[in-house]
Structure formats: structure tokens, C-alpha cells
Amino acid sequence: MIKLVLIRHGQSQWNLENKFTGWTDVDLSPKGEEEAREAGLKLKEGGYHFDVAFSSVLLRANRTMDLVLEELGESNIEKHYSWRLNERHYGALQGLNKAESAKKWGDEQVHIWRRSADVQPPALTKDDERWPGNQKKYRDLGLTDEECPLTECLLDTCARVEPYFKKEIAPLLHEGKKVLIVAHGNSLRALVKELEGLSNEEIIGVEIPTGKPLVYELDEKTLKVLNKYYL
């Protein structure tokens with residue numbers, strides 16, 4: 001049996017302000033920093049150690065990972081960063097207050113955009129500064145126009161997260177490596193969907209709280225889930 005630990009980043013400043021964040025690169029709030037350190041302490045108390053850590057390329061996840069590893073005394077382990085672990089891109093909703101969006105489009109429509117697996121929010125246009133194709137970070141990473149989303153539903157996020165997991169992370173688990181993944185609500189839901197084999201309907205109801213380590217116990221050969229729990 002091997003263990004895989006997933007952590008959703010601590011509360012971000014835009015979580016606090018109730019804004020759609022997506023790929024917008026905002027920092028942790030003071031509470032988020034506290035959540036990250038508490039996650040590291042819980043892992044330390046539980047005797048957890050890691051060989052390798054994975055994160056998105058977004059600041060709030062990177063800082064959470066750094067704070068967790070700092071508390072564990074493992075800041076120097078191997079780290080990997082990938083845009084494929086980024087949060088779902090919320091398109092033209094990014095930067096908008098969720099309550100104000102509900103007033104504009106209606107509670108039901110915003111709920112559909114947020115919680116359905118296959119309905120995309122309104123898309124950006126390519127002249128919008130929020131489009132990743134207009135941002136130096138993603139051009140430097142070599143993303144093509146097709147890889148830079150104008151908007152995403154959850155299944156779009158799954159389509160980039162699942163292959164990355166199978167190619168880059170699963171082989172390390174098969175080798176017996178102790179792996180930590182620090183990412184986002186929707187990119188982690190994509191991983192949970194893959195690990196547990198959940199349907200589109202089942203994954204909609206999955207909520208992942210900020211800053212709480214989620215432990216999966218997996219079969220060494222098949223990576224089948226044997227058990228899961230929060231610390």
C-alpha cells in the first residue's frame with residue numbers, strides 16, 4: 001500500500017473577497033498562510049515524509065506547498081510545477097464577485113457554470129489581458145494558443161490533469177515514491193475523479209476544503225483506492 005497526499009491551497013485573497021479566480025495569479029490571505037502551515041504541522045504530527053512534490057504554476061499553490069514543506073523540514077525535496085495542475089479557467093467570470101455575478105446572470109445560471117461538469121462559463125476573447133496567451137508566463141512556458149484556455153468546464157480541466165497524472169505522477173507512485181500534490185479545488189477534483197473512477201454526476205458533489213491534507217491509500221500495482229481520509 002502506498003499513500004498519496006493532496007492539498008488544496010490555503011485561502012487566497014480572492015477566496016476571501018468571493019471572486020472567481022481561475023488562472024489569475026493571486027497570493028494567499030493571512031488565513032491561507034495559516035492554513036498551509038497547519039497542514040504542514042498535521043502531516044509532521046502524522047509522521048509523513050515526501051520524496052517529491054507537485055504543484056501548479058500559480059502563486060497560491062506554490063506558496064502553500066513551500067509553507068507545508070517548510071513545516072515538515074523538507075523544503076529541499078524534488079519539486080515539479082505544471083500549468084496542467086492549474087485551477088479551472090473561469091473565462092470571462094475571472095475577477096468578478098460571485099454574488100454580483102449571480103445578480104447579473106441569475107443564481108441558477110451561475111450555479112450551473114460553477115457546478116456542472118460540462119457547461120463552460122462565458123469565454124474570453126483573445127484580445128483580453130486575462131487570456132493566458134497574452135501573458136508572458138505562459139508564453140515562456142511554451143504553451144500554444146490551443147493550450148491557452150478562453151474558458152473551461154470541469155471536464156476541460158480533467159482533460160489536461162488526467163494525462164499529466166498518468167504520465168508524470170503515476171510512474172513515481174509505482175516506484176514507491178512518497179508524493180505530495182498541492183493544487184486547486186477543480187484540478188484536485190479532476191484527480192479525485194480519475195483516482196476514484198467517479199461519474200460526471202458524482203464528481204459534481206465533491207467538495208475539497210482549503211488547507212486540509214487528503215490522504216489516499218492506494219494499491220501498489222493498480223493504484224486502486226483502498227482508503228481515503230482527511231488529516
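**Notebook: salt bridges**

Glu70 came up with a relative accessible area of 45%, so I logged this residue as partly exposed. A reminder to myself: this is a predicted model.

Next I looked up the partner of Glu70. Glu70 forms a salt bridge with Arg37, and their closest N and O atoms are 3.2 Å apart. I find Glu70 in helix α3 (residues 59-72) and Arg37 in helix α2, so this pair links distant parts of the chain, 33 residues apart. Arg37 is partly exposed too, with a relative accessible area of 31%.

Then I turned to Arg115. Its salt bridge is with Glu207, the closest N and O atoms again being 3.2 Å apart. Here Arg115 belongs to helix α5 (residues 107-115), while Glu207 sits in the loop between α9 (200-204) and β5 (214-218); the two are 92 residues apart and link distant parts of the chain. I noted a relative accessible area of 21% for Arg115, which makes this residue partly exposed. The cut-off for buried is under 20%.

I also checked for shared partners.

How many salt bridges does the structure hold? I have 15 in my notes.

One more pair for today: Asp25 forms a salt bridge with Lys137, with 2.7 Å between the closest N and O atoms. Asp25 lies in the loop between α1 (13-16) and α2 (30-45), and Lys137 in helix α6 (residues 136-140), so the pair ties together parts that are 112 residues apart in sequence. Both count as partly exposed: I wrote down 38% relative accessibility for Asp25 and 32% for Lys137.

Terms used
Residues numbered from 1 in each chain as written. Predicted model: local features only at pLDDT ≥ 70, side-chain atom pairs only at ≥ 80, totals over all residues. Heavy atoms only, no water. Salt bridge = Lys/Arg side-chain N within 4 Å of Asp/Glu carboxyl O. Helix = DSSP H or I, 4+ residues; strand = E, 2+ residues; numbered from the N terminus. Buried < 20%, exposed > 50% of the residue type's maximum accessible area, 1.4 Å probe, protein only.
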